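User: I would like to go through this structure with you. Could we take the strands, the rings and the charged pairs in turn?

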Amino acid sequence: MKKFTLFFCMVAFAAYAMAQSRVITGQVSSDDGTLPGATIREEGTNNGTITDADGNFSLDLQNEDAVIIISYVGFATQKIPYKGQSTLNIFLEVDKVALEEIVVIGYGTAKKKEITSSIVTIESEDLNRMTVGNVAESIQGLASGVQVFNGGGSPGSAPSVVIRGVTTNQGSAPLIVVDGVPLPQGTNLNFLNPADIEDIQVLKDGSATSIYGTRGSNGVILVSSKRGKGGKASITGMASYGIKTLEKPAMAGAEEYVRVMNARENADGSPDFFDPSAISADTDWWEEVYDDVASVQNYSVQISGGSDNLNYLSSVAYFRDQSHLDKGYWERLTGRFNLDFNVSDKVFIRQDFNPRYEHFENTPNVFWNTLSIAPLTEVFLPFDEREGRNEFSIYQRSANQVPNPVAAVDRSFNETFFFSMFSNTQLTVDITDNLSVSSRFGFTFDQTRRDIFRPQFLILPVNEENQISNVESRMTNSFDYVWNNLIQYDRAFGKHDLGLTVGYVLERNQTNFVDGFNNNVPLTGENFRFLNAAEGDSDRALGNEFANAIESFLGRLRYNYDDRLFFFASFRNDGSSRFPENNRRANFYSFSGAWDISNEAFFNVGFVDRLKLKAGFGQVGNQNIPESAFVTLVNNGDFILGENKDLVVTNFVSQLPNERLQWETVEDINLGIEGALLGNAVTFSIERYRRTSKDLLFQTSLPLFTGAPSLIWQNVGSFESNGWDIALGYNKQIRDFTLSANATITTNESKVVELAPGNDQLFGQQRAEFGNGFLKITELGETVGLFYGYETAGIFRNQTEINSHSTDDGTLIQPGARPGDLRFVDQNGDGRIDEEDFTSIGNPFPDFVAGLNLNLGYKRWDLNMQWYGSFGNDVYNYTRTFLTSGQSNRNVQEGLIDEVWTESNPNASIPRLTTIDPNRNFGRSSDYFVEDGTYARLKNLQIGYNFEVPFASQFRVYVSGQNLLTFTEYTGFDPEIVAPDNPNRNDDNGIINTLGIDFGGYPLTRTYLIGLNMTF
């Protein structure tokens, strides 16, 4: 009996062991033989292996109902259910499925192989490698033809995105479309949680964007959010925490500052300005104002799943970015709730909700003052001088009248609260197998509140004081909706595949605001910074409302012949309320075609897997003007009139109407070739484009003989943008090692073809410090937004060189110059230096930009490097006006005393020190301030490891660094410069007059992060 029992146990144990042993072996091969390094993985787990040198493998499965996934780069992935088999011999075919992938295009989708226009796709995986608040920062360098100019390191700053250059002076921001809903003009990508994005499609040429009519002239960015999939629920979590650092500028300390200031005075024959023995302070203002490190945090949780009829995805994310100051941060809380419901096999409903909350403690702009304030100044007043002063008046006034930056930060109370709700509802009905109708209604409600409290303080009378406290509050509400109605017909017969889309679209945007102001707030506490607490008599209330609408009819034809010839054509008729009634509607067309040569019978090139030629033409429009552009506007103003020069307050016509005002139109031609080589391991795309705008929308001044100091909107002028877009890719897997490298190269030149009569030159960035001269010029036949000023020819090393800089009769061209002054070029040869000698002195637009995205994998390790470079561009380093001169007794860069021109240093590149500056070395714009802005930057370096844990299908830990290295010869703080817009100057709000001017803004930071990605 005991023997029988023992035998039974042994048999049962063996049977159990056999039941638990699910080892499969096999070999993976293709037409070219066995495949070493192919991946075999158990679906939903980290359990996997790779094939050896002969293509063989062995894998012990964990689950009885396992699904085995076999994959290899360049080949179609296979999934095989486990049914007890012990051997698998798998044959992989070359991957042609990628060409069947669906690409989102305007108002629909198309197969990747059918695309005839210029569209680039950026996948979610690439977007989430960087921890950024604005997803636009992640795409820099990933898409050819797309330039991203970072807006600086201040929390919440939004990059500027330019697609294929500049064709208008009314702003260059592209249209943003999220899940088929076009968003209001001026929307940036700050509102998106990158973890919610499935992919981004960038529509670059007119044949792709024409379907968006009047809103597509600057290109279109299509964002597709992630959606739930059938099967058991999946939970994905992402978390990262990092610290940011700022490189400390090398500024002169007190001892060197005194030497420079005294040397300036001595050079002009004056005695020392400071007594070196009386130095009592040596304040390091950078250390007083800026913290060494600041934090950035990003957290996201996503739940998705579904059944046969209902799929869902929900996510919540939090992002916070802290400034390096005691004031200033940006936090964002977003939610996304996507629902897909199959009512029947013919009726489908999609509902998305995307609430968002943002809070800005707006970062004080004190970078310039921190650099320029005198180091001789103490931060605070002595205790015995504080009596009778409030908490905001106990700071020391500067020796050079630069506002105390520590005090400015302390009294900064400027907050913005933002709430938004985005809803997207879509109903689709499949009437037949070929015919479907859909209606989509998307609306966005935004509410913004900005609160500003300015306390009473006194540091320096007139220059640095606020005699009475005040409070201001502004509430802005926006409601925007888009109603899309589409009919889609698709039919394949024989070698023909035909698609037809027609639609009706209605868009409306409405914004209103209320602004309140009052003064004399009795207390400074947080609970008293409201309008009701103010007791003054300067109460003010303002409010207004703006609305505009677009009504559109659209259509598109898609044709595919035998996967060899492809054709698209689109039409859109737009009517916009921004234009006069008789010119309200306009038509936009596009045509594009492609020929896939590799699918022709005669084409038999072994190493070429795919080769396609494409060409397209398209028209798009621009309506980026105020709602009141075509009506008469009346304003009030103060005028000095009569012999007695009496002050007269009156009303006047500030804008005359133009009933002939119409659309601005851009015509776009695109030619391209794309393909794949060597078993799809190498991919390439090369495109040449030309974009020409006509009927530019300009606000021009009326001639003085009209008797009215008025402006009028007109259609005059033309811009042209042309260039190359090049993309190269390489993907390879060798045993345990995988490599993916993608490079982009973009060239662009944007020129002026025609301007308004009498306005052959447009100027921007007017500066009082340069005698109200301008730093930017846009003129006929030249690149837009060039730097403007005097050309220099070095520095006068001695009096002989000054004397030789003369006319034929010996008249000195610069009679006030001394050795060490800049030598200005007499452009017109009239023997003097004046405004007639102004010329273009630099180009902020690069010859080309390039990006490199490199991904390496080895077993469970992965590494990503993202590089970006800008080559051939110039930067106007405006900070040199004081950093290299000490003008207005401002502080200077460290080591300046040894770098300026002196008799013992005649070959210096920095002009002599002087207080009165009779030659105006630093009092007028010149190429002395223009530097080579070429740079190459390691944007991201990330190393990750996938741990195998029993409770998660993914458990990845990574470390990364952002903006780690920058290679440049630019002497400023950051070569990637977009100057802030200034509403008090006549600058447009686009890239033309802002690109490339360094006013000493908050530079980009270097960031170090640790993160975790999990999936359950």
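Predicted model: local features only at pLDDT ≥ 70, side-chain atom pairs only at ≥ 80, totals over all residues.

User: Which residue forms a salt bridge with R572?

Analyst: The partner is E507, and the closest N and O atoms of the two are 3.7 Å apart. The pair links distant parts of the chain: E507 is in strand β28 (residues 496-519) and R572 is in strand β30 (residues 565-576), 65 residues apart.

User: Is E507 buried or exposed?

Analyst: E507 is buried, with a relative accessible area of 4%. The cut-off for buried is under 20%.

User: How many salt bridges does the structure hold?

Analyst: The structure holds 50 salt bridges. One of them joins R540 to E472, with the closest N and O atoms 3.6 Å apart. R540 belongs to strand β29 (residues 540-561) and E472 to strand β27 (residues 470-493), so this pair ties together parts that are 68 residues apart in sequence.

User: And what is the relative accessibility of R540? What is that of E472?

Analyst: R540 has 36% relative accessibility and counts as partly exposed, whereas E472, at 17%, counts as buried.

User: Which residue does E551 pair with in a salt bridge?

Analyst: E551 pairs with R585, the closest N and O atoms being 3.2 Å apart. E551 lies in strand β29 and R585 in strand β31 (residues 585-596), so the pair ties together parts that are 34 residues apart in sequence. E551 is partly exposed, with a relative accessible area of 28%; R585 is also partly exposed, at 39%.

User: Which residues do salt bridges with shared partners join into one network?

Analyst: That network consists of R164, K204, R610, K612, K614, E674, E687 and D725.

User: Changing topic to the rings: how many aromatic pairs does the structure hold?

Analyst: The structure holds 47 aromatic pairs. In one of them, the ring centres of Y290 and F367 are 6.1 Å apart and the planes are at 75 degrees, so the pair is edge-to-face. Y290 is in the loop between α5 (285-289) and β19 (293-306), while F367 is in helix α6 (residues 367-372); the pair links distant parts of the chain, 77 residues apart.

User: Are Y290 and F367 buried or exposed?

Analyst: Both Y290 and F367 are buried.

User: Which residues form one aromatic cluster?

Analyst: The cluster is formed by W368, F770, F787, Y876, Y878, F882, F922, Y928, F929 and F999.

User: Now the strands. How many bridges join β22 to β23?

Analyst: Strand β22 (residues 347-361) and strand β23 (residues 413-430) are joined by 15 bridges and run antiparallel. Within this pairing, V347 stands opposite V429 in β23.

User: What about β23 and β24?

Analyst: β23 pairs with strand β24 (residues 435-454) in the antiparallel sense, over 18 bridges. F413 stands opposite F453 in β24.

User: How many residues does the hairpin between β23 and β24 run through?

Analyst: The hairpin joins β23 to β24 through 4 residues.

Notes
Residues numbered from 1 in each chain as written. Heavy atoms only, no water. Pairing = 2+ DSSP bridges. Helix = DSSP H or I, 4+ residues; strand = E, 2+ residues; numbered from the N terminus. Phe/Tyr/Trp six-rings, centres within 6.5 Å; stacked < 30°, edge-to-face > 60°. Buried < 20%, exposed > 50% of the residue type's maximum accessible area, 1.4 Å probe, protein only. Salt bridge = Lys/Arg side-chain N within 4 Å of Asp/Glu carboxyl O.
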